Amino acid sequence: MCALYYILICSTRSTFSPIRACAHFGGLVPGTYWVLTERTDSSTSGSLLIFSPGLTALQRCEHHGSVNSKLPETFQTNHLLFYERFKAYQDYMLGDCKPSEVKAFTADYLEKVLEPCDWLAVWSTDVFSVLVEVCNVELKDLKACVELVLPMQCDTRGCEMTEEDMKSLLEVTQCKVPLQELQVVYNESGDFDQTALALEHLRFFYKHIWREWDEEDEDDDFDYFVRCVEPRLRLYYDILEERVPAGLVAEYHSLLETCSQCFQQFAVLRSNLSADSDSELDNISMVEGLKLYDQLEMLTRKLHIIENPLLRYVLAYKGNSRQQCMQGRGPRESGMMVVHIVTASCNTLLLQSLLNDRLIPLCSAEDTEIQFHRDPVSAVDSCCQGDTVIILPGLYSVNNSIFLPDSITVEGFGLPDEVVIEKKDKGDSFIESTGADVRLSNIKFIQRDAIEGILCVRQGRLCMENCVLQCETTGVIVRTSAHLIMKMCDLYGSKGAGVEIYPGSVCTLIGNGIHHCKDGVLIKEFIDHLDMMPSITMENNVIHNNEGYGVIVVKPNNEERKAGDASEGMWRSACNVKLGHIEFVASTVGKKWQFNRQLNPNKEVTCVQAVQDLMGDHIFVSIQGNQFRRNGLSDFGTFFF
């Protein structure tokens with residue numbers, strides 16, 4: 001691809017569309033990518049809009065199969081960025097097509113960019129890779145007519161294929177092979193770059209984006225790119241860049257496989273039904289078909305929840321409920337308790353203070369011993385039920401997650417800003433607690449790359465007091481059946497909710513600061529036949545400067561909202577400021593999800609009414625004395641689905 005630059009001069013007051021402008025330039029071929037740079041031009045009182053190539057000439061790929069492969073090198077195309085694929089599908093390949101129009105739009109796109117004949121490609125399947133020459137392309141069926149290049153150049157996997165075998169195979173297929181299975185042989189001229197890119201977009205689309213059941217949607221009148229392509233593409237790159245918990249990824253792939261199997265069964269059953277038959281066998285098949293269709297609807301809805309970033313954030317609570325394999329050790333057989341001291345170095349004054357303030361009271365009994373560790377992870381991993389970990393002042397950088405499967409106490413000896421544990425490497429969460437009675441105090445936790453949360457209480461009970469939680473991704477998560485007591489803590493920086501409360505959990509928040517997060521507290525009230533509503537106590541917390549809501553509740557749209565019966569004074573004690581109460585509605589018509597942001601007609605709704613609405617749902621044991629300040633959207637909100 002040549003390094004051409006196109007400069008457009010336009011008035012700053014005019015409406016300008018880069019995509020429309022591209023149509024006026026022959027050099028901007030559909031399927032290529034260009035970077036738009038805007039510079040102010042004082043001489044023309046306008047802007048210079050500079051188009052430059054956003055993707056350099058494609059590089060060659062490594063050899064197919066073994067290192068000693070005789071096959072020629074192909075173009076390296078699987079390294080494309082999210083933006084490159086996004087623009088190709090949105091602007092050139094799919095546009096605003098409906099699901100039923102996908103194949104036609106794709107064929108039209110390929111007709112514009114694909115070389116029609118006389119180019120070499122490697123035909124790759126799970127069994128073999130062989131060099132062929134493309135003689136013609138049949139875009140209607142997304143296939144190519146090919147000839148075997150002689151002498152045959154072929155790599156096989158787990159089998160042997162002769163030249164005669166390959167010719168016989170081609171004869172059976174009428175020399176037609178799917179375009180997705182072709183990889184263009186590398187050529188430095190640049191003449192086949194667009195062909196290689198087009199086949200990559202086609203291959204990626206049918207492997208990672210398209211679903212067999214997409215055309216089955218009864219409501220075909222919607223923008224396929226907006227509803228399906230963009231969220232699936234974003235999810236693919238979120239998974240690739242490790243921004244989705246491993247448990248949720250596994251759940252998603254499992255759902256995909258189950259949904260595919262269900263659709264295959266449904267398609268076979270439907271094809272075997274006789275349109276004019278009223279036989280008992282057909283009636284039974286009809287009933288089975290309806291059951292499969294209902295199952296397919298349920299599975300596709302779950303897939304849609306995971307694929308959509310917003311729904312994944314507020315609804316996909318079952319997907320990433322991965323339980324850790326680590327089991328609690330229980331009490332030691334000897335009955336001895338151990339105090340684990342964590343420090344890299346210690347002066348005599350600090351040691352004397354530690355001895356007087358903590359060790360003598362803890363180790364008064366003869367059945368207690370002291371062990372020293374250099375890092376918190378090794379100390380916690382050495383604990384049995386009833387042990388205590390005391391962390392002396394210092395900055396401790398850890399690479400692994402901290403698992404708390406036993407009932408232990410972990411405390412910092414000093415102020416939280418003096419006892420700092422920092423996690424740098426990626427992982428689902430920083431701290432995972434499953435112990436029956438775990439206690440944390442006087443520690444500052446700094447999260448860097450943890451995906452799921454800085455602290456996840458999966459089961460059991462965790463009491464955290466006087467801690468600081470500096471989040472970079474998500475905050476504290478309280479899973480179903482888990483119990484969190486969080487007192488006098490400071491939590492900030494979460495890109496999700498500061499505290500995320502799941503159905504069937506118990507959460508007590510007293511005297512905490514929760515601020516500078518996407519949302520302060522996210523409560524997932526929706527329930528199924530296995531879960532109960534969460535039970536929440538919120539007293540004397542300061543929830544402020546969050547991007548979205550101070551407190552947001554997720555609940556089913558068809559659930560009646562009951563009125564509270566307590567006095568107005570109680571409602572006012574829960575909140576000290578007025579706020580606007582904004583509701584988000586996610587309604588379903590068939591399989592179509594719509595999101596409507598609805599402002600309450602009464603713009604002067606106070607915290608009294610908002611808290612009354614929440615208290616009426618009986619999810620709060622107590623909510624009083626809290627302060628809400630400068631939260632972006634509102635102090636209280638509801639997300640209906």
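Two strands count as paired if DSSP finds at least two bridges between them, and the strands themselves (E, at least two residues), like the helices (H or I, at least four), are DSSP runs numbered from the N terminus. With that in hand, take S21 and strand S24 (residues 483–487): they run parallel and are joined by five bridges. Here Cys-463 sits opposite Ile-485 in S24.

A quick word on what you're looking at. This is a predicted model, where local features need pLDDT of at least 70, side-chain atom pairs count only at pLDDT 80 or more, and totals for chains, interfaces and linings use all residues. Residues are numbered from 1 along each chain as its sequence is written, and side-chain values use heavy atoms, leaving out hydrogens and water.

Now step back to the whole sheet. It is an open one of 10 strands with parallel pairing, in the order S11-S10-S12-S15-S18-S21-S24-S27-S30-S35. Strand S11 (368–373) and strand S35 (620–624) are at the edges with a single partner strand each, so one side of each has no neighbour in the sheet. On average, neighbouring strands are turned by 10° against each other, direction ignored.

At the S11 end, strand S10 (residues 337–342) pairs with S11 in the parallel sense over six bridges, and His-340 stands opposite Gln-371 in S11. Helix H10 (residues 348–362) packs on the sheet, touching S10, S11, strand S12 (388–391) and strand S15 (409–412); touching, or contact, means heavy atoms within 4.5 Å. The direction of H10 makes about 175° with that of S12.

Back to S21 (residues 461–465), which also pairs in the parallel sense with strand S18 (residues 438–441), over four bridges. In the loop between strand S20 (450–457) and S21 you'll find Arg-458. Arg-458 counts as buried because its relative accessibility is 2%, and buried means under 20% (exposed is over 50%, partly exposed in between, with a 1.4 Å probe and protein chains only). The side chain of Arg-458 makes a polar contact with that of Glu-432 (2.4 Å); such a contact is a pair of N or O atoms within 3.5 Å, where within protein one must be able to donate a hydrogen and the other to accept it, and residues adjacent in sequence count only if both atoms are side-chain atoms.

Finally, a pair of helices. Helix H2 (residues 82–93) and helix H5 (residues 193–209) pack at about 95°, their axes 11 Å apart. Axes are lines fitted to C-alpha atoms, for helices over the stretch in contact, and angles run from 0 to 180 degrees between N-to-C directions.
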